[in-house]
Structure formats: C-alpha cells, structure tokens
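Let's take a walk through this structure together. Have the viewer open and follow along as we go.

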Amino acid sequence: MKLIKAGESHGEAMTGILVGVPAGIPVDKEKINADLKERNFAYGRSSRQLAESDVIGLISGLFDGKTNGNDIALSIKNDVRTVSSGDESSDKCADGTLPPLTKLRPGHADLPGIVRFGFEDARAVAEGSSARNTCIDVAAGRIALSMLEGLGISVAAFVRAVGKTSDESDYSSDALKDLHAPFFTPSDSAAKSFKEETDKVAKNGDTVGGIVELRVCGVKAGIGSYTAESRVSGAIARDLFSIQAVKGVRFGDISFSLGLYGSEYSDELQFDENAKRVKTSRSGGIDGGMTNGAEIKITVAVKPLPTSKKGVPSSDVFGNPVLSAKERADVTAVFALCSILRARLAITLCDLITKDFGCDNLSSIAARYNER
Ligand code: EPS
C-alpha cells in the first residue's frame with residue numbers, strides 16, 4: 001500500500017491516490033471527516049484551521065461502503081486560497097496569483113528549494129512543501145486503520161513533550177485507546193502543562209517542538225525481514241520522516257538510555273499456545289528488522305516550526321540582508337502530528353502486511369495472518 005500526494009497549500013485542493021489496497025476494507029466517510037477535524041483542532045494551530053472545513057471526497061475505489069480493490073483517489077478542497085502574513089492580513093495579487101516570497105525563511109524549504117528548482121521566488125516552494133498535504137495522510141490513514149482493525153491491530157499516538165515540559169508516565173495500551181484533540185494525552189495534568197507551555201510560547205511570538213510517541217498493539221512476530229531492503233524499522237523510519245517537521249524517529253521504550261547493559265536491555269521471550277513473541281518492548285517491538293510480537297513503541301522528535309512572526313535575520317533570493325518574510329504559522333505541530341503520524345504509520349504497516357500476507361481481500365488476509 002502506498003500513498004501518492006499532490007496539491008499546493010493554497011491551490012484548489014489537496015489530493016492523493018492510495019494504491020495497493022485490498023478489497024473488503026470498511027470505509028466510513030464520517031470517521032474520515034472526524035479524523036480531519038482532529039487534525040484541524042489540535043492545539044497550537046494557526047487561524048487557517050478555523051477557516052478550513054476539510055471534508056473528504058472519495059473519487060474511486062469503493063463499492064457498497066467497502067474498498068473494491070481499485071486504487072483510491074482522495075480529494076480535500078482548500079477553502080482558503082490566499083496566504084496570510086504574520087499579522088494575519090490575507091494576500092493575493094490582483095490577477096489571482098499568490099504574492100512572491102523573496103525574503104527567505106531560515107529553517108524552511110525556501111533556500112534549498114530555490115536552488116533545487118532554479119527559482120528566484122520561493123512561493124512555489126512554500127506551497128509545495130507545506131504540511132497542508134498531511135490532511136491527505138490523515139484521510140488515507142483512516143482506511144489503513146480500518147484494515148488494521150480487521151486484523152486486531154490498533155495504533156495510538158500521544159504527546160510526550162512540548163518544549164520544556166514532558167510527561168514520562170508509564171501508560172498501558174488501554175489508557176491510550178481513545179485520545180483526542182486538542183491535547184492527545186491521557187493525563188489532565190500533562191494537558192495543563194502542555195497548554196501553559198504552548199500559550200507562553202505563543203505570547204512571545206515564538207514556536208515550539210516536542211515529542212510524539214506511537215504505540216501499535218496486536219502485531220504478530222515475523223513481519224518484514226532482516227535483509228537490508230525489507231527491514232520494518234527502515235520502512236517505518238523512512239515514512240515517518242516523509243512528514244514535515246519530523247527530525248527524529250527512535251524505536252524502543254521511553255526509558256531506553258545508553259546506560260543500559262545488554263542484559264538489562266534485551267526483552268524476555270514468551271511462548272504460549274497461540275504465539276511466539278517477546279514479553280516486553282524495550283527494543284520497540286522490532287528485532288533484526290522484523291516485528292517480534294511485542295507492542296511497537298516509537299518516539300518521534302518534532303522540530304519547532306521555523307516561521308517567525310517577528311522575522312529573523314536572513315537574505316533575500318539575491319543574497320541581500322533582510323528580515324525573513326512574516327507568514328502565518330502554527331505555534332506548534334506536535335498535537336496535530338498525533339493524528340498525522342498515527343495515520344502515516346498505519347499506511348506503512350498495511351504496506352508491510354500486504355507484502356507478507358497478500359493484497360486480495362481483507363478476509364483472506366485476516367485468515368492467513370491469524371494462522372501465523
Ligand atoms: C497547514 C496549513 C498552512 C500552515 C501549515 C499547515 O496554512 P497557511 O500557510 O495558510 O498558514 O498553517 O503549514 C506548515 C506547518 C508548514 O510547515 O508549511 C495545514 O493545513 O496543515
């Protein structure tokens with residue numbers, strides 16, 4: 001299963017095609033739209049989210065509320081077709097085009113993008129590299145999550161840290177079952193400190209990063225392979241890094257530290273009549289590039305978004321010193337990334353599972369998967 005995305009942040013629509021989808025996966029449009037709202041109303045987002053209605057259009061690949069084995073074309077209309085400066089005034093040229101972006105924003109794709117494509121204006125770079133297209137990951141991800149549900153696999157995402165605040169509690173998978181915007185945490189006190197930190201940063205006109213943890217329950221041992229091309233850890237890391245603002249992907253328990261000895265780090269094996277697996281998830285549920293049957297645990301480091309409301313010392317496209325362009329930006333992407341990364345991980349897991357168990361229809365895949 002693969003997701004191909006296209007669309008510009010202030011263009012007509014964000015679009016995607018999900019390929020390699022088995023038949024028979026239940027698709028509930030209302031659930032997709034609910035997930036899109038979770039992405040929109042995550043804490044710390046800009047006013048752009050209030051102006052977007054983000055409703056999914058499913059153009060192909062469905063019959064009678066289920067996938068039909070065809071590729072699935074997805075579309076989400078952009079209601080906002082103008083860019084906004086840091087002081088929130090909307091901006092569009094008289095001929096309907098977007099204004100030039102020549103005062104480069106350090107930390108964004110602006111500089112490498114104009115070099116890569118030979119532009120003297122970074123507007124097209126900003127439009128194409130924007131995280132707006134993650135609405136398509138969320139929508140496609142709900143179809144993948146539905147397939148995983150059919151196999152008894154669940155995926156959760158929650159916030160571990162925002163700026164200088166963190167939550168190092170040990171959560172059971174049950175506690176992480178039903179987390180929602182705005183804070184994606186099972187803890188009221190963590191939500192309170194994350195909110196205070198985000199509000200403080202927003203008040204200073206700044207932005208903040210953090211850590212999202214992903215957990216997957218119900219994955220059987222032996223998916224993937226130890227050969228370089230087929231390692232599950234490599235596939236997951238590559239796909240999570242495809243999401244804007246992701247700067248680190250680490251497998252294993254949050255308490256993992258370089259101070260552990262091998263005898264303390266390795267997980268204990270467990271054989272019972274149903275499965276061969278390991279008991280704990282210090283190594284993150286993956287050994288030798290393959291799932292080991294334990295809960296998969298991944299922590300993702302999210303950078304502070306580099307747009308500055310005040311502008312920072314920079315250069316224009318010709319190298320003249322200027323203050324960087326002041327464009328609208330989220331205060332933090334950490335909370336929104338919970339729904340985005342969960343969706344993205346679900347698509348990757350479906351890709352890995354269909355490679356091992358076939359891509360015909362969900363009930364046959366489930367029968368083969370359950371035999372393992
Ligand atoms: C986003 C829409 C964008 C940004 C944000 C993500 O809207 P606008 O550019 O109109 O303010 O708020 O983009 C980024 C974080 C980024 O890195 O480009 C959205 O819908 O997710």
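Two residues are in contact here if their C-beta atoms, placed from the backbone, lie within 7 Å. Keep in mind as you read that this is a predicted model.

Helix α7 covers residues 232–241 and helix α9 covers residues 334–357; their axes come within 10 Å and cross at roughly 145°. The crossing of α7 past α9 is right-handed. On the α7 side, the residues that meet α9 are Val232, Ala235, Ile236, Asp239 and Leu240. Their partners in α9 are Leu341, Arg344, Leu345, Thr348 and Leu352. Sorted by class, this contact has seven nonpolar, one polar and two charged residues.

Leaving aside residues up to four places away in sequence, Leu341 touches Ala157, Val212, Leu214, Leu240, Ile243 and Val300. The largest nonpolar core has 81 residues, and within it Val212 and Leu341 touch the most other members. Helix α9 gives the most to this core, contributing 16 residues. There is also a second, separate core of seven residues, including Leu101, Ala122, Val125 and Ala126. As a general point, nonpolar side chains in soluble globular proteins tend to be buried together.

Next, look at the backbone. Most residues other than glycine have a negative phi, and most peptide bonds are trans. Which residues does a cis peptide bond join? The two are Ala181 and Pro182, with omega at about 5°. Pro182 is found in the loop between β10 (165–166) and α6 (188–203). That loop between β10 and α6 is also the place of Phe184, whose phi is positive, near 50°. Is Phe184 buried or exposed? With 26 other C-beta atoms within 10 Å, Phe184 is buried, because 20 or more such neighbours is the cut-off for that label.

Asp54 has a positive phi too, near 35°. Find Asp54 in the loop between α2 (48–51) and β3 (56–58). Asp54 has 21 C-beta neighbours inside 10 Å, so this residue counts as buried.

Finally, turn to the ligand. How many residues surround the ligand? There are 14, and the closest are Arg48, Ser130, Ala131, Arg132 and Arg328. By class, the shell around the ligand is made up of five nonpolar, five polar and four charged residues.

Definitions and conventions. Residues are numbered from 1 along each chain as its sequence is written. This is a predicted model: local features need pLDDT of at least 70, side-chain atom pairs count only at pLDDT 80 or more; totals for chains, interfaces and linings use all residues. A residue is near a molecule or strand if its C-beta atom, placed from the backbone, lies within 6 Å of it. Ala, Val, Leu, Ile, Met, Phe, Trp, Tyr, Cys and Pro count as nonpolar, Asp, Glu, Lys and Arg as charged, and the others, Gly among them, as polar. Axes are lines fitted to C-alpha atoms, for helices over the stretch in contact, and angles run from 0 to 180 degrees between N-to-C directions. Helices (H or I, at least four residues) and strands (E, at least two) are DSSP runs, numbered from the N terminus. A crossing is left-handed if the near helix is turned anticlockwise from the far one by less than a right angle, and right-handed if clockwise. A nonpolar core is a set of buried Ala, Val, Leu, Ile, Met, Phe, Trp, Tyr and Cys residues joined through C-beta atoms within 7 Å. A residue is buried if 20 or more other C-beta atoms lie within 10 Å of its own, exposed if 12 or fewer, and partly exposed in between; C-beta atoms are placed from the backbone.
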